[in-house]
Amino acid sequence: MKKKKLTALLTAMAMMTGILSGCGSKGAESTPAKDAPAADGPAAAQEDAAAESDSGTASAGDAQPVTIWYYWENEGHQMTLDQLIQEYNGSQNQYAVTAKYVPFADFKKQLSIGASADELPDIAILDSPDHASYVDMGIFEDLTGKFDVSNYYEGTVNSCTVDGKLYGVPFGANCLALYYNEDMLTAAGGSVPTTWDELLETAKALTTDSVSGLAFCSVQNEEGTFNFVPWLWSTGATSYDINNENGIRALTYIQNLIKEGVMSKECINWTQGDVMNQFIAGNVAMMVNGPWQIPTMQSEAPDLNWKVTLIPQDAQYASVLGGENYAVVNGKNVDGALDFLTYATSGEKVKFMMDQFGYISADKTIAESQFAEDSPYYPFVEELNYAMPRGPLAGWPGVSDAISLAFNQVITGTATPENAAAQAQTTIDGIVK
Amino acid sequence: MAKIKKFFRYENVGMLFVLPAFLYMLAFVGYPIIHNIILSFQDVNAGNLVKGTRNFVLFDNYLELFGDSVFTTSLWNTLRFTVSCLVFQFIAGFALALFFSKRFSLARPVRGILLVPWMIPITVTALMFKLLFATDIGIINFLLRSLHLIDKNIEWLTTPGTAMFALICANVWIGIPFNMILISTGLTTIPKELYESASIDGAGKVQTFRRITLPLLKPTIESVLILGFIYTFKVYDLVYVMTSGGPVNATHMLSTYSYKLSFEMFKYSKGSAAANVLLVILLFVGVFYIKATTEGENE
């Protein structure tokens with residue numbers, strides 16, 4: 001009988017194992033093998049990784065490996081990065097660079113797990129608002145004085161600067177601006193809005209039974225916060241000071257957009273990609289989105305007639321700075337990483353990467369000459385002058401969470417703008433102080 | 001010599017066979033659990049994850065958690081989600097199992113087809129239900145409107161109350177086949193003779209069901225409910241894809257909130273404390289399951 005009990009106990013334990021390791025095993029599957037990038041991994045990455053290690057071995061027999069992690073799922077982005085790496089590997093034979101795709105949703109998790117398990121890449125190309133958190137974790141190399149960033153947009157440099165030290169190099173810059181469907185605007189007899197009041201009026205004029213006047217991603221996470229802060233900052237409020245007249249006005253404005261029926265509540269479930277799809281499908285007349293959507297929009301909806309303009313202002317023009325930074329992981333192959341970065345951040349290579357990516361260079365001189373005035377990217381370069389970074393703050397994820405909760409409460413009607421602002425302020429004060 | 005011989009008696013040899021599995025579990029289950037428990041008593045966050053300066057804070061993480069309204073909501077959500085799902089999927093699964101135990105043409109193939117929801121990857125199911133419940137383009141609103149049951153589209157996934165309902169619907173749809181197939185198997189173990197003699201003695205349908213089917217199915221029902229509880233309580237992917245815990249944290253479960261704390265907000269210790277609450281509840285149910293199954297074997 002005892003034996004039976006034991007067997008039962010073990011079966012039950014085995015069952016529990018499945019439950020508890022549910023999350024863990026998923027992570028393990030996609031954990032990239034550090035030194036054998038082609039061995040196992042997401043199918044998307046396998047192709048490039050294989051191609052890259054080929055070129056790596058071709059160029060050098062005993063070259064030191066340098067690994068890069070990135071999260072671009074866009075095939076064009078992956079191929080461009082691959083091309084840069086192949087050129088680099090072909091140009092010298094001391095280092096062999098390989099890149100590894102880690103899905104965006106897993107990227108933070110993989111970096112954290114990698115940090116505690118000592119399995120990090122040599123270079124990470126990461127989302128700029130997270131940079132400070134990882135610097136705080138102590139995994140990035142101090143790059144002060146190693147790269148000349150004096151000509152870069154201030155916001156991009158700030159996003160990788162902590163306590164006056166430079167811990168990264170901006171990869172590219174982007175920001176949000178307002179896209180509008182020109183045909184719908186002409187048909188409705190509206191003009192391009194420049195203020196909040198005009199925006200609301202125009203959105204009302206554009207809204208029909210099947211078309212929403214305006215949309216922007218309002219998901220309750222960093223992506224949503226990214227899309228909400230331009231409204232907040234336009235009033236003069238800061239990310240850390242919301243419970244005041246300005247912060248409440250921003251929340252009330254969003255509440256009004258929903259109340260007036262010019263923006264769908266569904267925005268809280270739409271990613272920026274979903275918003276773009278609704279826009280090109282003609283379900284949305286205006287949207288706030290970034291320049292990285294342009295290549296897709298041009299190929300998927302070549303006949304759609306749209307333009308880009310600054311996000312309408314309340315007290316001042318404001319947008320939010322996005323983009324990735326390069327960071328070098330300390331205690332690894334730092335020399336190799338620096339050598340590659342010096343190559344990749346040279347003016348010529350930056351220009352090549354930015355043009356292929358549909359990104360705006362973080363380097364002002366390159367950015368200003370990058371696009372012709374009639375290019376759809378051009379308004380984004382202008383908007384960049386008003387774009388501010390989120391953070392940099394090690395506790396930014398917490399602040400971002402409080403902000404995204406606040407506008408979600410307002411959109412869903414579960415709290416008034418006043419209460420939402422007060423609640424967010426309490427959380428933020430607990431983090432910032 | 002005799003001692004060694006005595007040691008290799010039948011029962012003990014059995015233990016040796018269990019040993020590899022036991023060691024495996026110790027390393028790959030025991031260690032993570034213990035590590036997680038220790039982690040939950042420390043203060044580990046983005047700042048000291050790598051530096052290794054980990055202070056023990058005893059129950060601070062747990063106290064903080066139970067004072068956190070999102071956590072208490074997610075605990076309550078997990079419970080009501082689990083109980084609602086269990087009730088509906090068990091009743092529907094039981095009814096279908098009884099129905100398909102009748103011999104009629106197509107019974108077997110149709111029962112097979114009904115298993116499909118159980119086999120589809122949960123992410124796919126979640127995306128499907130997300131589209132079904134969409135406000136403007138969802139087919140559910142379309143049907144309700146066409147039947148003139150509603151005049152305005154219901155905002156299923158963007159209103160706290162209805163989002164939970166949508167999640168329960170999706171999970172019940174997945175869970176019905178699981179309940180059905182286990183109960184069907186249980187039904188086949190009941191000897192036909194019992195029903196025959198019952199009908200000779202003049203027992204009615206309801207009486208047969210209450211006096212024969214239910215009592216003889218008791219062990220099966222217990223297993224189905226407890227396994228169902230465990231499978232449902234640890235729900236993660238369905239919620240993550242359909243609502244990500246939203247709107248306004250209204251559908252966070254223990255699992256999704258624990259993930260959010262650890263990997264989105266870098267509060268590793270608080271996240272592991274939340275996971276441990278999940279563990280304690282499941283352990284409790286697990287012990288209950290062991291008791292139920294071993295009692296069944298003793299009879």
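In this predicted model, five strands of chain A form an open sheet. Their order is 2-1-3-13-6, and the pairing is mixed. Strand 2 (95–101) and strand 6 (169–170) of chain A are the edge strands. Each of these two pairs on one side only. Strand 1 (residues 64–70) of chain A runs parallel to strand 2 of chain A, and seven bridges join the two. Within this pairing, A:Y70 stands opposite A:Y101 of strand 2.

Helices of chain A pack on this sheet. Helix 3 (residues 75–91) touches strand 1, strand 2 and strand 3 (123–127) of chain A. The direction of helix 3 makes about 170° with that of strand 2 of chain A. Helix 13 (residues 334–344) of chain A also packs on the sheet. Its contacts are with strand 1, strand 2, strand 3 and strand 13 (324–328) of chain A. Here the angle is about 145°, taken between the directions of helix 13 and strand 13 of chain A.

Further strand pairs occur in chain A. Strand 10 (residues 284–289) of chain A is largely enclosed by the rest of the structure, because six of its six residues are buried. Strand 8 (residues 177–181) of chain A pairs with strand 10 of chain A in the antiparallel sense, over four bridges. In that pair, A:A177 has A:N289 as its bridge partner. Strand 9 (residues 212–215) of chain A runs parallel to strand 10 of chain A, and three bridges join them. A:S212 of chain A stands opposite A:V284 in strand 10.

Strand 12 (residues 319–322) of chain A pairs with strand 7 (residues 174–175) of chain A. This pairing is antiparallel and has two bridges. The bridge partner of A:N174 is A:G322 in strand 12 of chain A. Strand 12 of chain A is also joined by two bridges to strand 14 (residues 387–388) of chain A, and these two run parallel. There, A:S319 stands opposite A:A387.

Chain A as a whole holds 18 helices and 14 strands. Of its 433 residues, 57% are buried. Among contacts in chain A between residues at least 6 apart in sequence, 76% join residues at least 24 apart.

The second largest pocket has a volume of about 920 Å³. It is lined by 38 residues. Closest to its centre are A:G398, A:I431, B:M265, B:K267 and B:K270. Helix 17 (396–412) and helix 18 (417–432) of chain A each give two or more residues to the lining. So do helix 3 (60–66), helix 4 (69–101), helix 13 (254–264) and helix 14 (268–298) of chain B. The lining residues divide into 17 nonpolar, 13 polar and eight charged.

B:T158 lies in the loop between helix 8 (139–146) and helix 9 (160–188) of chain B. B:T158 counts as buried because its relative accessibility is 0%. Leaving aside neighbours within four places in sequence, B:T158 is in contact with A:K265, A:E266, A:I268, A:N269, A:T412, B:T135 and B:P247. B:V18 is placed in helix 2 (residues 10–40) of chain B. With a relative accessible area of 25%, B:V18 is partly exposed. B:V18 and B:S223 are 205 residues apart along the chain, and their C-alpha atoms are separated by 24 Å.

Terms used: Residues are numbered from 1 along each chain as its sequence is written. Chains are lettered from A and ligands numbered from 1 in the order in which they are written. This is a predicted model: local features need pLDDT of at least 70, side-chain atom pairs count only at pLDDT 80 or more; totals for chains, interfaces and linings use all residues. Side-chain values use heavy atoms; hydrogens and water are left out. On a 1 Å grid over the protein atoms alone, a cavity is a set of points where a 1.4 Å probe fits but cannot get out, and a pocket is an open set with protein on both sides within 12 Å along at least five of seven lines; lining residues have an atom within 4 Å of a point. Grid points are joined across faces, edges and corners, and a volume is the space filled by probe spheres set on the points. Ala, Val, Leu, Ile, Met, Phe, Trp, Tyr, Cys and Pro count as nonpolar, Asp, Glu, Lys and Arg as charged, and the others, Gly among them, as polar. Two strands pair if DSSP finds at least two bridges between them. Contact means heavy atoms within 4.5 Å. Axes are lines fitted to C-alpha atoms, for helices over the stretch in contact, and angles run from 0 to 180 degrees between N-to-C directions. Buried means under 20% relative accessible area, exposed over 50%, partly exposed in between (1.4 Å probe, protein chains only).
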